[in-house]
Amino acid sequence: MKKVAVLTSGGDAPGMNAAIRAVVRKGIYEGLKIIGVKRGYAGLIEGDFEPLERRSVADIIHRGGTFLRSARSEEFRSKEGRRKAVEQLKYIGADGLVIIGGDGSFKGAQLLGEESDIKTVGIPGTIDNDIACTDYSIGYDTALNTILDAMNKIRDTATSHERTFVIEAMGRHSGFLTLMSGLAGGAESILIPEFDFDLDQVCQKLEAGYERGKLHSIILVAEGIGDNFQTSRDLNESKAFALGEEISKRIGLETRVTVLGHLQRGGTPTAQDRLLATRLGAAAVDVLLTGETNKMVGVIHDQIEVAEIEEAIESQKDVDEGLYELADILSL
Ligand code: F6P
């Protein structure tokens, strides 16, 4: 192993910069040349490269986003797109590739690893924390804290006006982030794609709470509640609005809706995300130095673990039903 390329792909996540920094500095320490790939797989196909030195990654450990930038590439999904990417890597003499991203990015990495002799290793980076074979992915802790901050602020207003708020958190396919935010933020109801819910029961719980003297209620909804709640409204619009409207209609409560959206993805990474990113970045270099391929590095019970990338893609990371029930019990 002599030359390693590194890229960030899919949704940006706070801590990606810290991971790139660790890959670059640990790689150079081990005698490797490190090449940054701009704009994820899209930049890889186009050969949008930048050699990275120790100084190239100075002053980024505390920054959100990714200085290499990111993209979701349609072309890379095709064999022809991946062939072009391999050609670009060969052209610059790279024999290893570090991919920092979510499960979609890992799928691309696996195919590239299978179709070529480029050694690949994935680092989990997504606020959704929906990647198997690791307890945490980079960016999740920061996003969780961002959501809690927003909930605290909204709670002030909700209490002052005795209102019900529907807050929507990110997570198209996974309710992990929403469940943990709801549990840590004391939401009255948590609605996520993994579990069915009955809106009548949600309404009854709200009413019972107000009867007991509650001054406000927060319903935290995952972006992807999907088929759990059918609405005839514009499908491009967040379902949280229809949900707020329906609650108002059914039990006459004054509701307001806040969709947190992309403000959950940015911001300075927390200490936990920086530490995780730093450890995983260095571990990814170690994996490549062993000559192994199609691996992912993760952290389980605070220990670095290496898994097959295929296992991470094919396994489902389940949300903890016990925590879902606990959140319900504590909010009664
Ligand atoms: O996967 C991260 C994530 O932020 C999801 O929670 C969200 O559904 C999606 O990305 C949004 O993607 P985009 O920024 O491309 O709209």
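The largest cavity is lined by Glu 188, Ser 189, Val 202, Lys 205, Leu 206, Gly 209, Arg 212, Lys 214, Ser 217, Ser 331 and Leu 332. On a 1 Å grid over the protein atoms alone, a cavity is a set of points where a 1.4 Å probe fits but cannot get out, and lining residues have an atom within 4 Å of a point. This cavity holds about 50 Å³ of space, and the whole structure contains two cavities of 30 Å³ or more.

The model is predicted, with local features requiring pLDDT of at least 70 and side-chain atom pairs pLDDT 80 or more, while totals for chains, interfaces and linings use all residues. Residues are numbered from 1 along each chain as its sequence is written, and side-chain values use heavy atoms, without hydrogens and water.

The ligand sits in the largest pocket, a pocket being an open set of grid points with protein on both sides within 12 Å along at least five of seven lines; to sit there, more than half of the ligand atoms must lie within 2 Å of its grid points. Around the ligand are Arg 72, Thr 126, Asp 128, Met 170, Gly 171, Arg 172, Glu 223, His 262 and Arg 265, each with a heavy atom within 4 Å. This shell comprises one nonpolar, three polar and five charged residues. Domain 1 (3-139 + 269-314) and domain 2 (140-266) each supply at least three of its residues.

| Residue | Protein atom | Distance |
|---|---|---|
| Gly 171 | polar backbone atom | 3.1 Å |
| Glu 223 | side-chain N or O atom | 2.8 Å |
| Arg 265 | polar side-chain atom | 2.8 Å |

The protein covers 79% of the 400 Å² of accessible area that the ligand has on its own (Shrake-Rupley method, 1.4 Å probe).

Notes
A polar contact is a pair of N or O atoms within 3.5 Å; within protein, one must be able to donate a hydrogen and the other to accept it, and residues adjacent in sequence count only if both atoms are side-chain atoms. Ala, Val, Leu, Ile, Met, Phe, Trp, Tyr, Cys and Pro count as nonpolar, Asp, Glu, Lys and Arg as charged, and the others, Gly among them, as polar. Domain bounds come from an automatic or database domain assignment. Grid points are joined across faces, edges and corners, and a volume is the space filled by probe spheres set on the points.
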